[in-house]
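Student: Could you take me through this structure, and say for each label what value stands behind it?

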Amino acid sequence: MDKIYDVVILGGGPAGLSAALYAGRARLSTLLIERAQDGGQIAITDSIENYPGQIVEGESGKSLVARMAEQVAKFGAERTSDAIVSVDLAGDVKKLVGNRGGEYYARTVIIATGAHPKPIGCENEGKYIGKGISFCATCDANFFEDLEVYVVGGGDSAVEEAMYLTKFARKVTLIHRRDTLRAAKSIQEKAFQNEKMSFLWNTVVVKVDGDELLSSMTVRNTVTGEETLIEADEDDGIFGLFGFIGYSPNSKLFEGVLDMESGYIRTDADMHTNVPGVFAAGDIRIKSLRQVVTAAADGAIAATQAEKYLNH
Ligand code: NAP
């Protein structure tokens, strides 16, 4: 049988990296498995302003995560890149299988697989992803330099990302399905003061269209039901549409295995799931606040509890 790790951590976002740091410092044999790049959602965040004691003013998520990963490396956690496709978490030794057939064994597992952006949910959406539609302002804002951009959503993400987009776009219009924003008041205030921002209230996007690139969309007023066609400015020929309407948990793998609610994993305050030796940390959990600081805290608790479990 292959090596049996003390801890296998799934996910290289703040929760997973924090768990790896604590597990490494506790001298547990630790493997962190990430399917793509470190950081999860935070890696695509332009500026982190609410992480306590942040040293670098306006630091990007990518840079914060890179420093976290450096710190993890110092304490000896192993790393591998793989997408886990099946798990057997029932026994004392847990088994995880990757999409290229790699098998991993561990006495404890910490699930920190996070969440991914929800689609806007309009007709033709799939056709225009990467061709006008995006879910990452940091990644794609520069494609819309001096063009018009629309942002769907009314939460913290939508409003913050819309403001970030004003640094590039000529005009940014926030499309929200209600007439009041969900975003924190402090974030709203900045948005209302931003001259490049405008707002389409009580509105949803029903259809997007164009030739190769996105150039028109139909929106519907949620109060009157009236539909309106929005077309790209003639000189521009295209516009951008960014979706920030929340996230779906990356938890399909654990359906029927772990206790969940709407796809989020249920844990106690110490990150224990209903399966002994299996912990969950970060955005994948049922919790009231999904932030870098709460993800990092979850990871630390999960690793400490994994150590406790191993010592019993
Ligand atoms: P969110 O708070 O769940 O907001 C989602 C927004 O999208 C809401 O305004 C919602 O409208 C709208 N929406 C949902 N489904 C929709 C649909 N099908 N069509 C149209 N609109 C739809 O999500 P989030 O903004 O991504 O934030 C997620 C979590 O991260 C939150 O806890 C947030 O506080 C946190 N966060 C914090 C910061 C920060 O502190 N700086 C930054 C980013 C995110 P309704 O309002 O009508 O429900």
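Tutor: A residue is near a molecule or strand if one of its heavy atoms lies within 4 Å of it. There are 17 residues around the ligand, and D156, S157, R178, R182 and Q291 come nearest. This is a predicted model, in which local features need pLDDT of at least 70 and side-chain atom pairs count only at pLDDT 80 or more, while totals for chains, interfaces and linings use all residues. Residues are numbered from 1 along each chain as its sequence is written, and side-chain values use heavy atoms, with hydrogens and water left out.

Student: How do you know that the ligand lies between domain 1 and domain 2?

Tutor: Domain bounds come from an automatic or database domain assignment, which here gives domain 1 (4–117 + 247–310) and domain 2 (125–243). Both domains give residues to the shell around the ligand, so the ligand lies between them. Their centres, taken over C-alpha atoms, are 32 Å apart, and six residues of domain 1 are in contact (heavy atoms within 4.5 Å) with eight residues of domain 2.

Student: Why is helix 5 called largely enclosed?

Tutor: Helices (H or I, at least four residues) and strands (E, at least two) are DSSP runs, numbered from the N terminus. Helix 5 (residues 156–165) gives three residues to the shell around the ligand, the largest share. Buried means under 20% relative accessible area, exposed over 50%, and partly exposed in between (1.4 Å probe, protein chains only). Seven of the ten residues of helix 5 are buried, so the helix is largely enclosed by the rest of the structure. Those buried residues are A158, V159, E161, A162, M163, Y164 and L165, and their packing partners include helix 4 (137–140), strand 9 (148–152) and helix 6 (185–193).

Student: Is N250 buried or exposed, and how do you know?

Tutor: N250 has a relative accessible area of 17%, which is under 20%, and therefore counts as buried. N250 sits in the loop between strand 16 (247–249) and strand 17 (260–261), and its side chain is joined to that of H116 by a polar contact of 2.6 Å.

Student: What makes the phi values of N124 and S262 worth a remark?

Tutor: Most residues other than glycine have a negative phi. N124 is not a glycine, yet its phi is positive, about 70 degrees, and S262, also a residue other than glycine, has a positive phi near 50 degrees. N124, in the loop between strand 7 (115–117) and helix 3 (125–128), counts as partly exposed at 25% relative accessibility, whereas S262 is exposed, with a relative accessible area of 66%.

Note on methods. Polar contact = N/O pair within 3.5 Å; in protein donor to acceptor, adjacent residues only side chain to side chain.
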